[in-house]
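Here is a short note to read beside the model. Keep the sequence and the 3D view open as you go.

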Amino acid sequence: MTNPFSSEGAKAPPKPFTATEGRREIRSFVLRQGRFTPAQQRAFDDAWPKFGLDYQGTPRDFDTTFGRSAPRIVEIGFGNGAALRHSVQLDPARDHIGIEVHAPGVGRVLNALAEDGNDNVRVYHHDAVEVLEHEIADGALDEIRIYFPDPWHKKRHNKRRLVKPEFAALLVRKLSPEGRLHLATDWADYAEQMWDVLDATPGLRNRAGPRGHVPRPPWRPQTHFETRGQKLGHGVWDLLYDRVAEDAAGR
């Protein structure tokens, strides 16, 4: 039986930080796993061998993984997998890689992918920063998507937010020369931080102009919570950035 909490490679980090050589790295997540159902366990047992990627910490040959050479999309923190599943079906010409640390969400999406039968998708149950740093080559990605990352809305927790200058620089490295970065948030304060960071990151250009956002694009489905929030007057911000030469980034 595949244990998503303890099996080698599939194991997500157990704490919101790691300690290496005396250095403590703050994570952007805490593992609030919730209830892990028998159906989700069966998904790990039955579907992980086809759709799962065990973290190895070394560069991966995705042409071999997918059996073809195609543009590739990474979605970081795919949650219950609705957007990932939608994109896999909408865009079969590109390969999709989902990364999520929460086992119940991974279990749900494994079940859905097995039901759909598409072969242009794989998922990691691991920390996205480590996957990007160690398993994905620089310039290898056609697009990176980050939808509704944890806002860590309390000011003392803002340091845990994923979108920070060093992370933005990592994303730029992983994008192809004409790649795209797409983020979405329903927290105005986090949108402001995203603009502060990304508009100032060399190699990125905001498609809507400085501190600009775009209408929800067709490749991102509207979530149940988003629909409910909009009825209550809450905002949602979609930010699109193009990877450009650093001397053409408008700075």
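What volume does the largest cavity have?

1. **Ground rules.** This is a predicted model, where local features need pLDDT of at least 70, side-chain atom pairs count only at pLDDT 80 or more, and totals for chains, interfaces and linings use all residues. Residues are numbered from 1 along each chain as its sequence is written, and side-chain values use heavy atoms, with hydrogens and water left out.

2. **The cavity.** The largest cavity has a volume of about 30 Å³. A search of the whole structure finds 1 cavity of 30 Å³ or more. A cavity here is a set of points, on a 1 Å grid over the protein atoms alone, where a 1.4 Å probe fits but cannot get out. Its volume is the space filled by probe spheres set on the points, which are joined across faces, edges and corners.

3. **Its lining.** Lining residues have an atom within 4 Å of a point. For the largest cavity they are I73, V74, E75, L84, S87, H96, I97 and R145. They divide into 4 nonpolar, 2 polar and 2 charged. β4 (72-76), α3 (82-90) and β5 (95-99) each supply at least two lining residues. β4 gives the most, with 3. Helices (H or I, at least four residues) and strands (E, at least two) are DSSP runs, numbered from the N terminus.

4. **The sheet.** An open sheet of 8 strands runs β3-β6-β5-β4-β7-β8-β10-β9, with mixed pairing. β3 (52-53) and β9 (204-206) are at the edges with a single partner strand each, so one side of each has no neighbour in the sheet. Two strands pair if DSSP finds at least two bridges between them. β8 (175-185) and β10 (237-243) pair in the antiparallel sense over 6 bridges.

5. **The core.** A nonpolar core joins buried Ala, Val, Leu, Ile, Met, Phe, Trp, Tyr and Cys residues through side-chain atoms within 4.5 Å. Buried means under 20% relative accessible area (1.4 Å probe, protein chains only). The largest core has 36 residues, and I76, L181, L183 and L198 have the most contacts inside it. Helix α7 (188-198) gives the largest share, 6 residues. A second, separate core of 14 residues includes A43, L110, V121 and V123.

6. L183 stands opposite L239 in β10. Contact means heavy atoms within 4.5 Å. Leaving aside neighbours within four places in sequence, the contacts of L183 include M194, L198 and W237. M194 and L198 are among the buried residues of α7. The cover over those buried residues includes α6 (165-174), β8, β9 and β10.

Note on methods:
Buried means under 20% relative accessible area, exposed over 50%, partly exposed in between (1.4 Å probe, protein chains only). On a 1 Å grid over the protein atoms alone, a cavity is a set of points where a 1.4 Å probe fits but cannot get out, and a pocket is an open set with protein on both sides within 12 Å along at least five of seven lines; lining residues have an atom within 4 Å of a point. Ala, Val, Leu, Ile, Met, Phe, Trp, Tyr, Cys and Pro count as nonpolar, Asp, Glu, Lys and Arg as charged, and the others, Gly among them, as polar.
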